[in-house]
Amino acid sequence: MAAAVGGPVLGISAYYHDSAAALVVDGVPVAAAQEERFSRQRHDPGFPERAVASCLREAGLRPDELAAVAFYEDPALKFRRVLATWLATAPHGFPVFRRAFPQWTGWKRRALDDVRARLSAVAGGGPLPPVVAHRHHASHAASAFFPSPYPSAAVLCVDGVGEWATTTLWHGRGTSLLPLAELRFPHSLGMLYSAFTYFCGFKVDSGEYKLMGLAPYGKPRYARLIRERLIDVKADGSFRLDLRYFTFQYGRTMTGRAFEDLFDGPRRTPEGPLTEREFDLAASVQQVTEEVVLRLSRTVLARTGERRLCLAGGVALNCVANGRVSADSGCEEVWVQPAAGDAGGALGAALAESHRRGAPRAHVRRGTDAMAGALLGPAFSAGEVEEFLRRGGYPAVRLPERELPERVAGELAAGKVVGWFQGRMEFGPRALGNRSILADPRDPETQSTLNLKTKFRESFRPFAPAVLAEEAKDWFELGQESPYMLLTAQVAAARRREVDAEAAGLTGLDLLRVPRSAVPAVTHVDGSARVQTVTADRNPRFRALLTAFRERTGCPVLVNTSFNVRGEPIVRDPAEAYACFMRTRIDLLVLGDFVLDKRDQPEWREEGDWRAAIPMD
């Protein structure tokens, strides 16, 4: 019997970290959200019940109207890998094996049955569509290629591990994806990077972006040692790890004594002081990671004969490596799935199943991607916002569409920090102008103010610039659009201020004191920036604000960081936005058309220490 054509497909990722749901109708993503935004548990691994309900509600569908449900990996194959790893590393992994084996012989091995049971509860016991599994890296590859604007492209997926694959090369054409090559666990670039994340005192599966941000403060003095002792990299980018230095194969930790002996002592304790060693370790593993990703990119481009490259997998969230690929791989363009990690696997599985059922890629004819600016989450109407403000007794001014950007741009130019809550929530880890905290990038004090007094996070963390797309080339050395904040580029030479840090004797976090460009708040210590280019078709209201700010200041750039504090997921609804506004140094909150000045708000009362209840990520 021939497969049904098109129809709505629900994708689900769950049971490891960053669980999510995504809904695709006839090949078009119409809704997607991470469960953490509903549960408020960062990187929530559980079944995404509320995200599923949100996606169905957004599309006006019942579970029995779905053509299929697609799970993002094959649980049975993953179980075989886990079991094989335990047997291969015995007896070292026996304590972990003893604790985890009952789960793996139970519900984890039969995760699809659990998905069916959970969906049945959502459906009230009504009929369900078939639930099918797609392999982990096939889901990543589908999330990278199918929504891209390219009719054909090379595809590279790099992460920690799925079932067995850790790195895969693909050729995407039309509605098909041809696998070309793979590397298998335990040889994993993602695991290598996570080992250094762990060793530098950050949390695995969430702290990797901190390590990337730390790298420019150091020197890659350990890079040669990493190449000689930890990873053997071939000319084509394939590699093998020396497993004697790692413990992730059989334990709950990433590194042990051998790693400590190699890198000058024990790991940094979480929240402990950062030293030159951590700066240099971060710089070193970042350099090696960029080299491997660059070689892999050149290989898949050569094997496919393509000039365009699509990326996904957790390592594809390393925007510095992506920027290196864009500049040095020889490709014409790079397109990165904005939810490149496991959350995006839900979307990839849904897309793979939708196209398997005959859905077209109609967006390619228009020359656009299918991600709708990654604005695929829930929205709140003006009526809902107004009712929230009325019930809370929160004073606000409602402004017409033409006046709102002018008012907010004026406040930003005056040095105010703005919480910007608009339209549909972003899918993926980046705030792209709908759940954002915004500030003036020209003020050298903005970075420390936002980090320490608004986000309550480490002072070294960089901020990203949002820039009008047509003016990006005048401010950043960027050879293509970067709508999803996943490419890093140097600030344009005309906007830079040359600093001889070595002559000034500045190292480590002392480098933060030196303004390096006309937009110091978004310029990292190496002169780079993680750029988001903004266009009217993806986000017209955010573009209008950037335009108003440019007209007032001559600068088409704003600081754009996620609307949350350290340890919390990005805010989802007006109540969460208001709480974050009142708890932090945000001066102005914009909820749709409504503008709230903190000076006008009633006294904010907390029961207990709200920050103590948030786990540090």
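Predicted model: local features only at pLDDT ≥ 70, side-chain atom pairs only at ≥ 80, totals over all residues.
Residues are numbered from 1 along each chain as its sequence is written, and side-chain values use heavy atoms, with hydrogens and water left out.

Now the helices. Two packed helices are described by the angle between their axes and the distance between the axes. Axes here are lines fitted to C-alpha atoms, for helices over the stretch in contact, and angles run from 0 to 180 degrees between N-to-C directions. Helices (H or I, at least four residues) and strands (E, at least two) are DSSP runs, numbered from the N terminus.

Helix α9, residues 223-230, packs against helix α11, residues 276-304, at an angle of about 60°, and their axes are 8 Å apart. Therefore α9 and α11 are oblique to each other. On the wording: angles under 35 degrees count as roughly parallel, over 145 as roughly antiparallel, 65 to 115 as roughly perpendicular and the rest as oblique. The crossing of α9 past α11 is right-handed; a crossing is right-handed if the near helix is turned clockwise from the far one by less than a right angle, and left-handed if anticlockwise.

On the α9 side the contact is made by Ala223, Ile226 and Arg227, and on the α11 side by Ser284, Val285, Gln287, Val288 and Glu291. Contact means heavy atoms within 4.5 Å. By class, this contact of α9 with α11 has four nonpolar, two polar and two charged residues. For the classes, Ala, Val, Leu, Ile, Met, Phe, Trp, Tyr, Cys and Pro count as nonpolar, Asp, Glu, Lys and Arg as charged, and the others, Gly among them, as polar.

Stay with Glu291, which lies in helix α11. Leaving aside its neighbours within four places in sequence, Glu291 is in contact with Arg227 and Arg324. Glu291 and Arg324 are 33 residues apart in sequence, and their C-alpha atoms are 8.9 Å apart in space.

Helix α11 also packs with helix α7, residues 189-199, at an angle of about 175° and with axes 10 Å apart. That makes α7 roughly antiparallel to α11. In α7, the residues Leu189, Leu192, Tyr193, Phe196 and Phe199 meet Arg277, Leu281, Val285, Gln286, Thr289, Val292 and Val293 in α11. This contact of α7 with α11 divides into nine nonpolar, two polar and one charged.

Next, the backbone. Most residues other than glycine have a negative phi, and most peptide bonds are trans. The peptide bond from Phe185 to Pro186 is cis, with omega near 10°, and Pro186 sits in the loop between β8 (176-184) and α7. Asp264 has a positive phi of about 65° although it is not a glycine, and is in the loop between α10 (257-262) and α11. Ala372 has a positive phi too, near 50°, and lies in the loop between α13 (342-356) and α14 (382-392).

How many cavities of 30 Å³ or more does a search of the whole structure find? There are four. On a 1 Å grid over the protein atoms alone, a cavity is a set of points where a 1.4 Å probe fits but cannot get out, and a pocket is an open set with protein on both sides within 12 Å along at least five of seven lines; lining residues have an atom within 4 Å of a point. Grid points are joined across faces, edges and corners, and a volume is the space filled by probe spheres set on the points.

The largest cavity holds about 80 Å³ of space. Its lining divides into five nonpolar, five polar and one charged, and includes Gly373, Tyr484 and Arg538.

The second largest cavity holds about 50 Å³. Among the residues that line the second largest cavity are Leu156, Val293 and Asn322. That lining has seven nonpolar, one polar and no charged residues.

The second largest pocket has a volume of about 370 Å³. Of the 21 residues that line this pocket, the closest to its centre are Trp335, Asp369, Glu481, Pro483 and Arg538. Strand β12, residues 333-336, gives the most to the pocket lining, with four residues.
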